[in-house]
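Please examine the sequence and the model shown below.

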Amino acid sequence: MTSAPSPRPAAGAPSRPTGPTGPTGPAGPAGPAGPADLTELAELTELAELTEPVDSLILHATDNGVAQLTLNRPDALNALTWDMRERLIGLLADASADPDVRAVLLTATGKGFCSGADLRGAPTVGDRVAGDVARMIRGGAQRFIAAVLDCEKPVIAAVNGTAAGIGAHLAFACDLVLAAESARFIEVFVRRGLVPDGGGGYLLPRLIGPQRAKELMFFGDAVPAAEAARLGLVNRVVPDGELAKVAREWAERLAAGPTRALALTKALVNASLDGDRGAAFAAEATAQEINMTTADAQEGIASFVARRRPTYRGR
């Protein structure tokens, strides 16, 4: 198992913001039909220190073709700071470029997966110029979610607890989502009088349809893992004690697969709802053309002819 050094912020990354308020953040009180215990999320985030080095807040290790990225700020239910967000964006870009990484596993420590963005890491409210907020969202939350969607390796989310706000969207952007029985998902934005960011209005309707998406976004209720699976937000719910094991098994299975074929398949599926049939068919034909130049595709055909199991090498 190897650990990688912290990457520098990706090109186009916004400068470090400062201040106490922002457009998105951890789940808090005062939500329609919101459970009372969610007040702890905001309190924990307020108490958590921001002085820890980012290398300790995002753990990274690669083993057997799987890059595991672990949010490690349990005292704040893994609320995302600016530094954490930028490190994850960089690590996902690194995973795309590294031929030795063939799958990504995203999880967290403690009782929460990610309670949202840390409010103290957002810009101060001062004299705004028209376009400032949109620019901040594009360079921040949207760029973060795009890094998951655009990663060329399959990304699995192992959701170990509460995923709220941008934390929920982080999970929904992953290619496969495993959830512990204790996990729950919260579209918390309405509780603060905000519009969802981080691609929520793009992701949810595509996963569960517009009517269900509006229900979650309008009310901001916590969705238990079992209900999330019924709606189609997660692939599978497993007992809390089995989450890490099952997630690792899935990740290693993907890492043993034909990496470029998986990347092309991911791109086809992600784009399928954004265009017409002709565009989708053309993209599929192009993907097939590209994939047939890979060694893994040739191995797949040769193994079929020889009636043996294929051995894919991600090339």
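This is a predicted model: local features need pLDDT of at least 70, side-chain atom pairs count only at pLDDT 80 or more; totals for chains, interfaces and linings use all residues.

Residues are numbered from 1 along each chain as its sequence is written, and side-chain values use heavy atoms, with hydrogens and water left out.

**Overall composition**

- The chain contains twelve helices and ten strands, taken as DSSP runs numbered from the N terminus (helices: H or I, at least four residues; strands: E, at least two).
- Of its 315 residues, 46% count as buried (under 20% relative accessible area, with a 1.4 Å probe and protein chains only).
- Among contacts (heavy atoms within 4.5 Å) between residues at least 6 apart in sequence, 75% join residues at least 24 apart.

**The sheet**

- An open sheet of mixed pairing is formed by six strands in the order β1-β2-β3-β5-β7-β10; two strands pair if DSSP finds at least two bridges between them.
- Strands β1 (58–63) and β10 (236–238) stand at the edges with a single partner strand each, so one side of each has no neighbour in the sheet.
- From one strand to the next, the twist averages 20°; angles run from 0 to 180 degrees between N-to-C directions, and axes are lines fitted to C-alpha atoms, for helices over the stretch in contact.
- Strands β5 (residues 155–159) and β7 (residues 176–180) run parallel and are joined by four bridges; Val159 has Ala179 in β7 as its bridge partner.
- Helix α3 (residues 82–97) packs on the sheet, touching β1, β2 (66–71), β3 (103–108) and β5, and its direction makes about 15° with that of β1.
- Helix α9 (residues 243–255) lies across β1, β2, β3, β5, β7 and β10, at about 165° to β7.

**Helices α3 and α4**

- The axes of α3 and helix α4 (residues 132–150) are 9 Å apart, and the packing angle is about 25°.
- The pair is therefore roughly parallel (angles under 35 degrees).
- Residues of α3 in this contact include Leu88, Ile89 and Leu92, and those of α4 include Phe144 and Val148.
- The contact residues divide into seven nonpolar, three polar and four charged (nonpolar: Ala, Val, Leu, Ile, Met, Phe, Trp, Tyr, Cys and Pro; charged: Asp, Glu, Lys and Arg; polar: the others, Gly among them).

**Helices α6 and α7**

- Helix α6 (residues 200–208) and helix α7 (residues 210–219) cross at roughly 130°, their axes coming within 7 Å.
- Among the residues that meet are Leu204 and Ile208 in α6, and Leu216 and Met217 in α7.

Conventions
Angles under 35 degrees count as roughly parallel, over 145 as roughly antiparallel, 65 to 115 as roughly perpendicular and the rest as oblique. Buried means under 20% relative accessible area, exposed over 50%, partly exposed in between (1.4 Å probe, protein chains only).
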